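Subject: Structure for your review

Dear colleague,

Please find the structure below, together with the sequence.

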Amino acid sequence: DTTVQRGDGMFEVVRVTPDGQPLGLSLHIERLFQGAIPLDYKIPASRSDIASWITAIANEGGEGMVRVLLTRGSMAGSGAHLPGFSVDENAPPTIVVMWQPLPKWPASTRLYPLQAWWHPAGTWQTVKWLSYGPNMPMSRMAAKKGFDDAVLTSEKDVVLAGPTFAIGWFRKGILETPSAEALGLLPACTLALTPDCAKEPNLKVSEGVYHIK
């Protein structure tokens, strides 16, 4: 499977409410199928199939999150043409749906700014790749500095996101978040739901381009 060998796959993580309901399910499903287009990935199931699997796992697991992994399977050039290799070129893609507990965040979090040198913006950055290789060392580097995690910035010190999470902060009573459209970021489903969540407590939400200073 080339996904195991090269990280050539996609994923989604759906928050599950205390009563076992997937949050923002349609947003996650749509992002998954839209991300498959530039990758030329033929998802071997329908939107309704995947939605039903996520819902079933969410109902069974309860509060937490449901992770969906899509692998590509084998493809031409994965080694079958080499002498001495036994590779099934017809190995199918795989969809894995599993429940996980929520991570335990501290009451307050200190983030260390690190430049995301690999961030090019544009089409490829809006695909939820399985390959988070460059992101993961950033969390470890921040921990060595005595911080809880990292906050990624552009080469011009513009705030992008955390290595594995979206980010927002309050300033002067306004919840500010980086603009995915302006910065070429992967659209975060959590942030897409934020304006609706902010209506009841009458909070103002602003998306924009913010420098780390």
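Three strands form an open sheet in the order β1-β2-β3, and their pairing is antiparallel. Here strands (E, at least two residues) and helices (H or I, at least four residues) are DSSP runs, numbered from the N terminus, and two strands pair if DSSP finds at least two bridges between them. In general, strands of a sheet pair through backbone hydrogen bonds, either parallel or antiparallel. β1 (9–16) and β3 (94–100) stand at the edges with a single partner strand each, so one side of each has no neighbour in the sheet. From one strand to the next, the twist averages 15 degrees. Strand β2 (residues 64–71) pairs with β3 over 7 bridges in the antiparallel sense; M65, for instance, has Q100 in β3 as its bridge partner.

Two helices pack on this sheet. Helix α2 (residues 25–36) touches β1 and β2, and its direction makes about 175 degrees with that of β1. Helix α3 (residues 47–61) touches β1, β2 and β3, and its direction makes about 25 degrees with that of β3. Contact means heavy atoms within 4.5 Å; axes are lines fitted to C-alpha atoms, for helices over the stretch in contact, and angles run from 0 to 180 degrees between N-to-C directions.

Please note that this is a predicted model, in which local features need pLDDT of at least 70 and side-chain atom pairs count only at pLDDT 80 or more, while totals for chains, interfaces and linings use all residues. Residues are numbered from 1 along each chain as its sequence is written, and side-chain values use heavy atoms, with hydrogens and water left out.

A further open sheet has 3 strands in the order β4-β5-β6, with mixed pairing. Its edges are β4 and β6 (159–161), each with a single partner strand, so one side of each is left without a neighbour in the sheet. The twist averages 45 degrees from one strand to the next. β4 and β5 run parallel and are joined by 5 bridges; in β5, V151 is the bridge partner of P113. Helix α4 packs on the sheet and touches β4 and β5, its direction making about 125 degrees with that of β5.

Which residues of α4 are buried? They are N135, M138, S139 and A142, where buried means under 20% relative accessible area, exposed over 50% and partly exposed in between (1.4 Å probe, protein chains only). These residues cover an arc of only 100 degrees around the axis, which puts them on the same side of α4; the arc is that of the directions from the helix axis to the C-beta atoms. The buried residues of α4 pack against β4 and β5, whereas R140 and K144 are exposed residues on the face turned away from the buried side. After α4 comes G146, whose phi is positive, near 90 degrees.

The aromatic rings deserve a paragraph of their own. Rings of Phe, Tyr and Trp (its six-membered ring) pair if their centres lie within 6.5 Å; planes under 30 degrees apart count as stacked, over 60 as edge-to-face and the rest as tilted. By this rule there are 4 aromatic pairs. One of them is the tilted pair of Y112 and F147, with 5.0 Å from centre to centre and 45 degrees between the planes. Y112 lies in strand β4 (residues 111–115) and F147 in the loop between α4 (135–144) and β5 (149–153), so the pair ties together parts that are 35 residues apart in sequence. Y112 is partly exposed at 23% relative accessibility, and F147 is partly exposed at 21%. The rings of W117 and W118 have centres 5.2 Å apart and planes at 85 degrees, so this pair is edge-to-face. W117 is exposed, with a relative accessible area of 64%, but W118 counts as buried at 19%.

Charged side chains also meet rings. A charge sits over a ring if NZ of Lys or CZ of Arg is within 6 Å of the ring centre and within 35 degrees of the ring normal. R110 lies over the face of F147, at 4.2 Å from the ring centre, and R47 lies over the face of F33, at 4.3 Å from the ring centre.

Yours sincerely
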